[in-house]
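Hello! Here is the structure I promised to pass on to you. Please open it and keep it beside you while you read.

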Amino acid sequence: MRDHGGRPLDLQGAALEDALRAIGHRVEYPPVPDLWPAIEHQLQVEPLADRPRLRPRELSWPAFSRVMVTAVLIVLVMVGALVLIPGLRQAVAERFGLTGVTLQFWEEAPNVPVSPVGGALGLGQPVSLAEAVDAADFPLQAPSSLELGSPMEILVTYGQSNRMVSLVYPASDRLPASRYSGVGALLTQFRGTTERGLIDKGMLVDSAVTTTTVNGELAFWIDGAAHYFMYIDPAGDVQAVDYRLAGKVLLWEADGITYRLESELTREAALAIAESLQPVAVEGTD
Amino acid sequence: MHASSNSDARCELRKASRLNEPDAALIARTQHGDQQAFAELVRRYQTVSFRVAYIITGSAEEAEDAAQEGFVRAYRSIDRFRLELPFRPWLLRIVANAARTQRGRTARHPALPLSEPSPAQVVTDGSGSPEALAIAAESAAELMTALKMLRWEDQQVITLRYFIELSEAETAAVLGCARGTVKSRLSRALGRLRSIVAAAPREVPHA
């Protein structure tokens, strides 16, 4: 790039940045609409704080019908109907907008041993944080909440189409031990896909599932009787790599990544931890 | 005075007093059920939210939908917002997520939806050194062309930092990465931009 005299223009250092800012101040954007009237209307039409994500452009039913359909689906789930209606199971997760996870409901728990505290949790290979950042096929996140402290173990599982990273936190005064695994908290994250579930979550029929939000994104809070944490391959077959029993789980998806936080904390405490997630930065990684 | 006039006057007074309230005060009011306090937050941040969504979606209509959805999601999560934290990065992260979801629905290939301003427009901007303004005026078209030749991730980080002028923390929140990543990505993007510009042929006007 040269000026009228044929001399090259200096774009080194701050000159380029200043030039970009000057251009940026005069770039034309579309006019900014007045957003409040539409927002106010939406808040009045759907005043419930916790509700499944509904996309008006995709549905032609009125809001009341959508809520009723959602309620019916939850009832069907609670009576184990999903066990009997195969196609409906995936439809539930997709209806709630979560990919990569299929909720399955079982009428009774299989005889599954509890993983020992500190022992192999069946979540893959123990790695360092830097190795986990390298191995993850997504930006790895970690809670910045003080309650958790530092993870005592980090594990990576290599799936057929993704990598799953698990951060294991020890029990402490602020983090009660899990009835099942003995650890304080377990945060698992993996890239969800639109293919058939990477992880199936098996629950007993009297487990409670409610919807909430994490940073505005749809989330599930699963509480009650013990349920199961299982892997499933992209073909839809259940792979018995390991079985775990989990108590309370917060499950949410953001930017194509599914997060699963397992602990004995209250729902509000779990939500606060979920919303404290920050990207992990390790020297030399992008 | 009539009762309705008194009521209108009180409403205007409340509205005027909210204009100067800091974000934390408006958020606290929102958390206690004052929806008009949230309306003020919307008015305060709708321009930057809309522009961030526009950069991501490439469409004014989708940007409007995404910004609206972002604010609705923020309202529904406002109870858990910690008042000591800055509001804008948190809000922009939610808006950016909504925008990416919106763009995912249309499966549009990401591309910078901006055009270069005219040189006259750039020169009238009072900010920056005279040299910077001269460079900007002369090279606006070439810089924009070069910018659009960068890969999408580089275009985004440059646009967010220099055009919309988000802070490093806000850019990290929008892109969903660490601040250090923003720094290194920006440095590499600027380097690539300089290379493209340096390699571009340019005719020298004859005297």
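Predicted model: local features only at pLDDT ≥ 70, side-chain atom pairs only at ≥ 80, totals over all residues.

Residues are numbered from 1 along each chain as its sequence is written, chains are lettered from A and ligands numbered from 1 in the order in which they are written, and side-chain values use heavy atoms, leaving out hydrogens and water.

Chain B has 10 helices and zero strands (DSSP runs: helices are H or I with at least four residues, strands are E with at least two, numbered from the N terminus). Of its 207 residues, 50% count as buried (under 20% relative accessible area, with a 1.4 Å probe and protein chains only).

Have a look at helix H8 of chain B, residues 152–163. In H8(B), 10 of the 12 residues are buried, including Trp152(B), Ile158(B) and Phe163(B). After the helix comes Glu165(B), with a positive phi near 60°.

Now turn to strand S12 of chain A, residues 248–254: seven of its seven residues are buried, so the rest of the structure largely encloses it. S12(A) is joined to S9(A) by four bridges, running antiparallel, and to S13(A) by seven, also antiparallel (two strands pair if DSSP finds at least two bridges between them). Trp252(A) stands opposite Ala219(A), and its bridge partner in S13(A) is Tyr259(A).

Enjoy exploring!

Key: Expected span 1.5 Å × (residues − 1).
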